[in-house]
Amino acid sequence: MTGDWRSDRIGAALKGDNPTVLRRLEAGFAVIGDVQFLPGYSVLLVDEPHVQRLSDLPRPKRLSFLSDMDHLGEAVERVCRRTDPAFRRVNLEILGNTDPFLHAHIWPRFEWEPSNVVSRPVWLYPQERWSDEQFKLGPQHDALRDAISNELGQLRSTP
């Protein structure tokens with residue numbers, strides 16, 4: 001996956017040109033992460049490119065964003081629990097230190113992770129994990145993408 005969509009992920013999602021989009025949600029876009037060294041890693045992008053912080057949103061939209069984050073987290077958890085018996089939990093993070101737009105990271109965590117990082121923040125993984133070609137998002141993740149997208153659809157249709 002290459003192209004200019006990475007320089008404007010939200011704009012590309014709004015135009016239908018972001019290939020990582022799993023599903024349009026109420027206040028944003030559920031996307032699968034560019035790297036999959038923790039299979040199922042996903043991100044919730046706000047649907048307004050100028051919004052930098054959760055507090056920039058009016059309260060109703062803020063609550064919708066947080067609800068979307070909850071739905072995406074639960075979808076990732078359900079899929080990972082079904083596909084990997086070593087699944088432990090999902091970590092949800094809104095950081096905003098690098099990208100200048102509101103987004104939430106959905107990190108599945110597993111028992112098979114190296115002992116020096118399994119109970120620590122994902123950001124402490126060695127840099128090579130983030131750039132290693134074997135973990136780059138690609139066609140080998142299509143089943144995972146479909147499963148998360150389908151789970152999101154089921155969660156959103158359940159009252």
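Modeller: Two strands pair if DSSP finds at least two bridges between them, and strands (E, at least two residues) are DSSP runs numbered from the N terminus, as are helices (H or I, at least four residues). This is a predicted model, in which local features need pLDDT of at least 70 and side-chain atom pairs count only at pLDDT 80 or more, while totals for chains, interfaces and linings use all residues. Residues are numbered from 1 along each chain as its sequence is written, and side-chain values use heavy atoms, without hydrogens and water.

Strand E4 (residues 87–93) pairs with E5 in the antiparallel sense over 6 bridges; Arg 89 stands opposite Arg 109 in E5. E3 also runs antiparallel to E5, joined by 4 bridges, and Leu 45 is placed opposite His 103.

Trp 107 belongs to an aromatic cluster with Phe 37, Tyr 41, Trp 123, Tyr 125, Trp 130 and Phe 135. Rings of Phe, Tyr and Trp (its six-membered ring) pair if their centres lie within 6.5 Å; planes under 30 degrees apart count as stacked, over 60 as edge-to-face and the rest as tilted. The whole structure holds 10 aromatic pairs. Phe 37 and Trp 130 are edge-to-face, 4.9 Å centre to centre with 80° between the planes. Phe 110 and Trp 112 are stacked at 4.8 Å and 15°; Phe 110 is buried at 2% relative accessibility, whereas Trp 112 is partly exposed at 40%.

Methods: Buried means under 20% relative accessible area, exposed over 50%, partly exposed in between (1.4 Å probe, protein chains only).
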